[in-house]
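Hi,

Here is the structure I promised to pass on to you. Have a look first, and then read on for what turned up in it.

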Amino acid sequence: MDTSSLTLTQILAVWGALLSTFLAGVKFWELWNNRLKVDVSALMTENEDIGNVITIRNLSSFSILLVGWELFYRQQAFLIPQDEQIESNDFDWVDVTINPVSAFSLNFCGQDHFSTRKTLDGSSIYVKLYFA
């Protein structure tokens, strides 16, 4: 067997391995960059007229469909958290499309206002979002 052809074969094998590894890295980076990215922030007040506002921002490069949500208090018990539902979307809820790099707000004022005083007892407020 000729040693120069074996060396060329080894060089081509290493080149192919490096190239395929680089291309796989590029593909993983694309998948990571195009994942669903959502930011949720809240403005909580005790004033019923101003109300509480939960803002959902779509930071992705594609539209997302919000099909439901639940808002609840969570009291951390020994191993099992205790949840108390505050509110959730009603049966007449219409799915909301949130366009790329835009926001949608859930407003809780007037009769929909909820108290944040329970958080003083060690409870936390959570929102669970359902996307399609």
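In this predicted model, the charged end of R74 sits over the ring of Y126, with 5.1 Å to the ring centre. A second contact of this kind involves R35, whose charged end sits over the ring of W32, 3.9 Å from the centre of that ring.

Under the distance rule for ring centres, the count of aromatic pairs comes to five. One of them joins W69 and W93: their centres are 6.2 Å apart and the planes stand at 75 degrees, so this pair is edge-to-face, the class for angles over 60. Distant parts of the chain are linked by this pair, since W69 is in strand β3 and W93 is in the loop between β4 and β5, 24 residues apart.

Because F72 lies in strand β3 and Y126 in strand β7, the pair ties together parts that are 54 residues apart in sequence. F72 is buried, at a relative accessible area of 7%, and Y126 is partly exposed, at 38%.

Back to W69 and W93 for a moment: ring pairs link these two with F104, F108 and F114 into a cluster.

Now for the strands. Which strands does β3 pair with? Strand β3 covers residues 64-75 and runs antiparallel to strand β5 (residues 96-98), joined to it by three bridges. Within that pairing, L65 stands opposite T97 of β5. With strand β7 (residues 123-131), β3 pairs over nine bridges, also in the antiparallel sense. Strand β4 (residues 82-88) is joined to β3 by six bridges, and these two run antiparallel as well. β3 and β4 form a hairpin, with six residues between them.

On the β7 side, Y73 stands opposite I125. On the β4 side, the bridge partner of Y73 is E84.

V101 has a phi near 50 degrees, which is a positive value in a residue other than glycine. V101 is placed in the loop between β5 and β6 (102-108). Is V101 buried or exposed? V101 counts as exposed, because its relative accessibility is 68% and the cut-off is over 50%.

Last, the surface. W15, L19, F22, L23 and V26 make a nonpolar patch of about 510 Å². One of these residues, L23, has its place in helix α1, which spans residues 3-33.

Best wishes

Conventions. Residues are numbered from 1 along each chain as its sequence is written. This is a predicted model: local features need pLDDT of at least 70, side-chain atom pairs count only at pLDDT 80 or more; totals for chains, interfaces and linings use all residues. Side-chain values use heavy atoms; hydrogens and water are left out. Two strands pair if DSSP finds at least two bridges between them. Helices (H or I, at least four residues) and strands (E, at least two) are DSSP runs, numbered from the N terminus. Buried means under 20% relative accessible area, exposed over 50%, partly exposed in between (1.4 Å probe, protein chains only). Rings of Phe, Tyr and Trp (its six-membered ring) pair if their centres lie within 6.5 Å; planes under 30 degrees apart count as stacked, over 60 as edge-to-face and the rest as tilted. A charge sits over a ring if NZ of Lys or CZ of Arg is within 6 Å of the ring centre and within 35 degrees of the ring normal. Patches are made of residues with over 30% relative accessible area and no salt bridge: like charges are joined within 9 Å, nonpolar side chains (Val, Leu, Ile, Met, Phe, Trp, Tyr) within 5 Å. Accessible areas come from the Shrake-Rupley method with a 1.4 Å probe; for residues, only the protein chains shown count as cover. A salt bridge is a side-chain nitrogen of Lys or Arg within 4 Å of a carboxyl oxygen of Asp or Glu.
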